[in-house]
Amino acid sequence: MSRRALIAGNWKMYGLAAALMELDALKAALAAAPATGDVAICPPATLLAQAAWKLKGAPILLGGQDCHTAGEGAHTGDLSAAMLADAGASLVIVGHSERRRDHGETDALVRAKADAALRAGLTPIVCVGETIEQRRAGQAEATVGAQIAGSLPAEGELVVAYEPVWAIGTGLTASTDEIAAMHGFIRSTLGPRAAATRILYGGSVKPQNAGEILALDEVDGALVGGASLKAADFSAIIRALK
Ligand code: PEP
């Protein structure tokens with residue numbers, strides 16, 4: 001089965017309204033050179049509705065960066081998946097390592113968030129990845145395997161993002177051998193959904209390294225942090241799609 005690539009930008013906690021100008025530039029870049037896969041931007045939730053308005057009719061999907069497990073309720077400060085969908089999102093990142101680190105998110109919580117996303121009609125992008133200590137201890141596959149087993153909903157269409165924690169925002173990238181090996185391992189753990197599930201790589205992807213990473217057989221796209229903030233860099237990564 002051939003899987004359509006996905007390049008998703010994660011703006012994290014960056015971007016005031018002025019940053020929406022980057023979406024105009026991205027729209028123009030994609031109009032000039034259409035992407036050969038899906039493109040998504042996950043801005044801060046405060047910008048979702050305005051971004052949706054700006055991107056009406058453009059080939060750019062919108063995503064949230066997190067959601068609550070419940071459809072609604074007394075959870076001050078949280079956002080439900082239905083709210084993200086209502087604001088224009090069709091995807092949501094869950095279990096990003098920064099949330100696992102900053103908010104103590106467990107695999108079980110991440111799975112519950114992914115389930116909530118599916119109930120609201122969103123496609124969850126479920127993030128997994130080992131720390132440098134786990135990799136050095138020879139525990140990378142065991143760690144990621146446990147995260148896959150614990151964080152993925154039993155059914156439903158989802159995207160997996162392999163993001164080695166030590167490569168996020170550090171400028172360090174996993175080698176193509178490390179990426180190919182881990183993506184192959186992840187696919188081997190996915191069972192009946194293996195052929196249909198997109199597995200993205202994330203961790204300091206930039207225009208300079210996107211070509212060799214995206215050319216790997218088991219890599220179905222990228223989750224891009226820092227380099228998604230500037231349309232020039234992000235569109236160069238999109239153009240590197242095989
Ligand atoms: C991310 O935020 O998921 C990420 C991979 O960040 P960066 O590209 O900046 O390493």
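Buried, as used in these legends, means under 20% relative accessible area, while exposed means over 50% and partly exposed lies in between, with a 1.4 Å probe and protein chains only. The model is predicted, so that local features need pLDDT of at least 70 and side-chain atom pairs count only at pLDDT 80 or more, whereas totals for chains, interfaces and linings use all residues. Residues are numbered from 1 along each chain as its sequence is written, and side-chain values use heavy atoms, with hydrogens and water left out.

**View 1. L26 in helix α1.** L26 is part of helix α1, which spans residues 21-32; helices (H or I, at least four residues) and strands (E, at least two) are DSSP runs numbered from the N terminus. With a relative accessible area of 1%, L26 is buried. When neighbours within four places in sequence are left aside, L26 is in contact with I41, I60, A231, F234, S235 and I238, where contact means heavy atoms within 4.5 Å. From C-alpha to C-alpha, L26 and D177 are 31 Å apart in space, and 151 residues separate L26 from D177 in sequence.

View 2. In the side chain of K12, an N or O atom is 2.9 Å from an oxygen atom of the ligand. The backbone of G169 places an N or O atom 2.7 Å from a ligand oxygen, and a polar backbone atom of S204 is 2.8 Å from an oxygen atom of the ligand. Of the 290 Å² of accessible area that the ligand has on its own, the protein covers 96%; such areas come from the Shrake-Rupley method with a 1.4 Å probe, and for residues only the protein chains shown count as cover.

**View 3. H96 between β4 and α4.** H96 sits in the loop that runs between β4 (91-94) and α4 (97-102), and H96 is buried, with a relative accessible area of 5%. The side chains of H96 and E163 are joined by a polar contact of 3.3 Å, a term for a pair of N or O atoms within 3.5 Å; within protein, one must be able to donate a hydrogen and the other to accept it, and residues adjacent in sequence count only if both atoms are side-chain atoms. The side chain of H96 also reaches the backbone nitrogen of E98, at 3.0 Å.
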